[in-house]
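Please examine the structure shown below.

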Amino acid sequence: MRFLKAAGRRVSPRQVPPNWPQLTLTRRGAVATVARELGVNEATLGRWVSAFKARNETGQTEVTETERAELLRLRKENADLKMDRAFLKKASIFFAQEASDTNGKRSN
């Protein structure tokens with residue numbers, strides 16, 4: 001994974017502060033000027049700004065930490081519910097077979 005040196009520290013592409021592309025657009029300055037101020041490569045900031053514009057045009061936004069935590073919780077809950085459903089399905093089949101076996105014995 002490539003790391004970028006921004007403001008004296010290494011930043012991986014996944015750790016890009018989400019406001020940098022937006023900051024660049026709101027300043028209405030040249031990308032090169034803002035890139036120098038932030039301490040990143042001009043081409044890199046340009047790609048981030050392009051990706052930000054594309055996401056906003058399609059309505060996609062970054063997932064926040066709270067949304068990410070909720071998504072994780074919901075996925076776990078969904079997996080638990082699937083296991084519960086599978087168990088109940090097997091139990092219902094078992095009891096249905098048992099009931100049909102006892103009904104067959106009573107009629108004889």
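Arg-68 forms a salt bridge with Glu-65, and their closest N and O atoms are 3.8 Å apart. A salt bridge here is a side-chain nitrogen of Lys or Arg within 4 Å of a carboxyl oxygen of Asp or Glu. The model is predicted: local features need pLDDT of at least 70, side-chain atom pairs count only at pLDDT 80 or more, and totals for chains, interfaces and linings use all residues. Residues are numbered from 1 along each chain as its sequence is written, and side-chain values use heavy atoms, with hydrogens and water left out.

**Salt bridges**

- Side chains of opposite charge can pair when their charged atoms come close.
- A search of the whole structure finds two salt bridges.
- Arg-68 and Glu-65 both lie in helix α4, three residues apart, which is about one turn of the helix.
- Arg-68 counts as partly exposed because its relative accessibility is 44%, the terms being buried for under 20% relative accessible area, exposed for over 50%, and partly exposed in between (1.4 Å probe, protein chains only).
- Glu-65 has a relative accessibility of 61% and therefore counts as exposed.
- In the other pair, Glu-77 forms a salt bridge with Arg-73, with the closest N and O atoms 3.2 Å apart.
- Glu-77 and Arg-73 also both lie in helix α4, four residues apart, about one turn of the helix.
- Glu-77 is partly exposed, at 36% relative accessible area, and Arg-73 is partly exposed at 46% relative accessibility.

**Elements of the chain**

- The chain has four helices and two strands; these are DSSP runs numbered from the N terminus, with helices (H or I) of at least four residues and strands (E) of at least two.
- From the N terminus on, the order of the elements is β-β-α-α-α-α.

**Core and burial**

- The largest nonpolar core has seven residues: Val-34, Ala-35, Leu-38, Val-40, Leu-45, Trp-48 and Val-49.
- The elements that give two or more residues to this core are α2 (31-38) and α3 (42-58).
- Such a core is a set of buried Ala, Val, Leu, Ile, Met, Phe, Trp, Tyr and Cys residues joined through side-chain atoms within 4.5 Å.
- Of the 108 residues in the chain, 19% are buried.

**Confidence**

- The chain averages a pLDDT of 75, and 63% of the residues score at least 70; pLDDT is the predictor's confidence in each residue, from 0 to 100.
- Confidence is highest in helix α4 (residues 65-107), at a mean of 89, and lowest in strand β1 (residues 4-6), at 49.
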